[in-house]
Amino acid sequence: MENITIGQIVAPHGVRGDLRIMPLTYNTAIFGKMDYLLLPDGRKLTVLRARPHKNLILVTTQEVRTVEGAEALRGQKVSIRRADMPELPAGEYYVGDLLGMDVVCEDGSPVGTFHDVLKTGSADVYVIKPPQGQEILLAAVPENIVHIDVAARKMVVRLPEWDKDGIR
């Protein structure tokens, strides 16, 4: 079963073993919905409480009850099982589900591989790596994204006119 990394423990918080976690996800609300966190060595921490604090998440667990115990976890990444990720509304996707996906034009011609998402103020920008040449940056708007099939690992896009000549 696949695990998804959602944060990294950066420091203890207080003297009772709370953990300061730097989120590695845009969906920080997920911390409040999870009842466990997995450590790289396979240990499972039972989450009793999770709350935002500045740009971090403070997490109280059943297993870590001292500042020394929390300090021993500094630098470790925390994850959850993919199957336990909350369902997203139609048309929204987890970046991890898109990474490595084949990207093609409407006519079936290959464009490249989905590589990353850049968060901007208005619309996400998908980074597509063609087999040769420079990365293609494509705004994730309905005019550009025709269809995404996560099960088939395929994204169909409509490239802007100015970009079509650059990739063929």
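Visitor: In which sense do strand β9 (residues 125-129) and β10 pair, and over how many bridges?

Guide: β9 and β10 run antiparallel, with four bridges between them. Two strands count as paired if DSSP finds at least two bridges between them. Strands are DSSP runs of E with at least two residues, and helices are runs of H or I with at least four; both are numbered from the N terminus.

Visitor: What kind of model is this, and how are residues numbered?

Guide: It is a predicted model, numbered from 1 along each chain as its sequence is written. Local features need pLDDT of at least 70 and side-chain atom pairs count only at pLDDT 80 or more, while totals for chains, interfaces and linings use all residues; side-chain values use heavy atoms, without hydrogens and water.

Visitor: Which face of β10 is covered?

Guide: The covered face carries Ile136 and Leu138. Leu137 and Ala139 are on the uncovered one. In a regular strand, side chains alternate between the two faces of the sheet.

Visitor: How many residues of β9 are buried?

Guide: Four of its five, which makes β9 mostly covered. Buried means under 20% relative accessible area, exposed means over 50%, and partly exposed lies in between (1.4 Å probe, protein chains only).

Visitor: What lies between β9 and β10?

Guide: Six residues, and the two strands form a hairpin. Gly133 in the turn has a positive phi of about 95 degrees.

Visitor: And how is β8 joined to β9?

Guide: Through another six-residue hairpin. β8 and β9 are antiparallel and share five bridges.

Visitor: Which residue in β8 is the bridge partner of Asp102?

Guide: Thr113. The strands concerned, β7 (residues 102-105) and β8 (residues 110-118), pair in the antiparallel sense over three bridges.

Visitor: In what order do the strands of the sheet come?

Guide: The order is β10-β9-β8-β7-β12-β11, six strands in an open sheet with mixed pairing. β10 (136-139) and β11 (145-149) are the edge strands, each pairing on one side only. Neighbouring strands are turned by 35 degrees against each other on average, direction ignored. The axes are lines fitted to C-alpha atoms, for helices over the stretch in contact, and angles run from 0 to 180 degrees between N-to-C directions.

Visitor: Changing topic: how many salt bridges?

Guide: Seven (a side-chain nitrogen of Lys or Arg within 4 Å of a carboxyl oxygen of Asp or Glu). One of them joins Arg51 and Asp18, with the closest N and O atoms 2.9 Å apart. That pair links distant parts of the chain, 33 residues apart: Arg51 is in strand β4 (residues 44-53) and Asp18 in strand β2 (residues 18-23).

Visitor: Are Arg51 and Asp18 buried or exposed?

Guide: Arg51 counts as buried because its relative accessibility is 17%. Asp18 is buried too, at 10%.

Visitor: How far apart are the closest N and O atoms of Arg74 and Glu71?

Guide: 2.6 Å. Arg74 is partly exposed at 44% relative accessibility, and Glu71 is partly exposed at 35%.

Visitor: Which residues form the nonpolar patch on the surface?

Guide: Val10, Met22 and Leu24, with about 210 Å² of accessible area together. Areas come from the Shrake-Rupley method with a 1.4 Å probe, and for residues only the protein chains shown count as cover. Patch residues have over 30% relative accessible area and no salt bridge; nonpolar side chains (Val, Leu, Ile, Met, Phe, Trp, Tyr) are joined within 5 Å, like charges within 9 Å.

Visitor: Where does Val10 lie?

Guide: In strand β1 (residues 3-13).
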